[in-house]
Amino acid sequence: MTEAARKVAEEAGRRFDNLAEDVRKKFDRITSGRLSDQAKTGRFGGRGGHGAGQARTDQHRRQRGGSAR
């Protein structure tokens, strides 16, 4: 490979590495605020169970003699 071609290839490699790093940073920034990530870190830790609507449905089943699951 000639000297000029080698320099062009090295520059292209550096530019590609920089582009890949930029894409990784943007991807991390976009995905860092995802709901699943927030749930894993405990943001919604105080909210558990079925919710009020499901609890009422279970209570009605029990009153009618059915199982709550």
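**Exercise 1. Decide how exposed R14 is, and find which residue R14 meets in a salt bridge.**

Step 1. With a relative accessible area of 47%, R14 is partly exposed, a class that lies between buried (under 20% relative accessible area) and exposed (over 50%), computed with a 1.4 Å probe and protein chains only. The model is a predicted one, in which local features need pLDDT of at least 70 and side-chain atom pairs count only at pLDDT 80 or more, while totals for chains, interfaces and linings use all residues. Residues are numbered from 1 along each chain as its sequence is written, and side-chain values use heavy atoms, with hydrogens and water left out.

Step 2. The side chain of R14 meets that of E11 in a salt bridge, at 3.1 Å from N to O; the term asks for a side-chain nitrogen of Lys or Arg within 4 Å of a carboxyl oxygen of Asp or Glu.

Step 3. R14 and E11 stand three residues apart in helix α1, and therefore about one helical turn separates them. E11 counts as partly exposed, at 36% relative accessibility.

**Exercise 2. Trace the network of salt bridges that includes R6.**

Step 1. Begin with E3, whose side chain forms a salt bridge with that of R6 at 2.6 Å, N to O. These two residues are three apart in helix α1, which covers residues 3-31, so that about one helical turn lies between them.

Step 2. Continue to E10, which also forms a salt bridge with R6, the closest N and O atoms being 3.1 Å apart. Here the spacing in helix α1 is four residues, again about one helical turn.

Step 3. For the model, the count comes to four salt bridges.

**Exercise 3. Describe the secondary structure and the surface of the protein chain.**

Step 1. The protein chain has three helices and zero strands, and from the N terminus on its elements run α-α-α. Helices are DSSP runs of H or I with at least four residues, strands are runs of E with at least two, and both are numbered from the N terminus.

Step 2. Of the 69 residues in the protein chain, 3% count as buried. The accessible surface, computed by the Shrake-Rupley method with a 1.4 Å probe, comes to about 6,300 Å², and 52% of this belongs to carbon and sulfur atoms.
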